Amino acid sequence: YYALYLQGRKEVDLRPLMWSVDEEKITRIRIDLPRLKKSVAFSKDPQERWRFHDPPGPEVDRDRWGGILTLVSGPKAKRVVPEGVTDSGQYGLDRPAMIITLFLRNQKDPLEIYMGNPTPQGDQYYMRIKNHPALYIMHNTYCEVLMRLVLDPPYPPAASPTAAGKK
């Protein structure tokens, strides 16, 4: 569980921060769905616009992309499991359903985050950071937004036939 409480007049969010990176340092994002054998990657071009990376492609649909950097730069988990990961297979982390890879400016190794199975209630997922023992419970909405980037990539809207016919 998590709690929000008022300290004086300021609301304090006590949910655990799973990771934190500066949005400006993210240069590439790759999302893999290994169980479905699907993936997508995005990179920032020299003009600071986000584009499909592999293969190099169009700029992403800005309406659908809005908020993605905030989501991947520092998400708050529902909770952290105190005992951490002892048997990754128990949580589906030995064969992750999703792998989020963040490539950061001036950092040799990317940050890799694994999403395993849904919790027994089905409204959350088990997640962990590569080579870290902590086990997090993340709300399914967060996970589904990122999975949708692979299953329904944010390609820019095609020009409508009426717009194409106008001069």
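Reply: Strand β4 (residues 38–44) pairs with β5 in the antiparallel sense, over 3 bridges. A strand here is a DSSP run of E with at least two residues, numbered from the N terminus, and two strands pair if DSSP finds at least two bridges between them. The model is predicted, so local features need pLDDT of at least 70 and side-chain atom pairs pLDDT 80 or more, while totals for chains, interfaces and linings use all residues. Residues are numbered from 1 along each chain as its sequence is written, and side-chain values use heavy atoms, without hydrogens and water.

Both strands belong to an open sheet of 8 strands, in the order β5-β4-β3-β7-β8-β9-β10-β6, with antiparallel pairing. Its edge strands are β5 (50–52) and β6 (79–81), each pairing on one side only. Strands of a sheet pair through backbone hydrogen bonds.

In β5, W50 is the bridge partner of K44. W50 also belongs to a cluster linked by ring pairs, together with F42, F52, W65 and Y155. Rings of Phe, Tyr and Trp (its six-membered ring) pair if their centres lie within 6.5 Å, and this rule gives 5 aromatic pairs.

K44, W50 and W65 are among the residues that line the largest pocket, as are E23 and R62. A pocket is an open set of points on a 1 Å grid where a 1.4 Å probe fits, with protein on both sides within 12 Å along at least five of seven lines; lining residues have an atom within 4 Å of a point. The volume is about 160 Å³, taken as the space filled by probe spheres set on the points. Of the lining residues, 4 are nonpolar, none polar and 7 charged, where charged means Asp, Glu, Lys and Arg, and Trp counts as nonpolar.

Terms used:
Helix = DSSP H or I, 4+ residues; strand = E, 2+ residues; numbered from the N terminus. Phe/Tyr/Trp six-rings, centres within 6.5 Å; stacked < 30°, edge-to-face > 60°.
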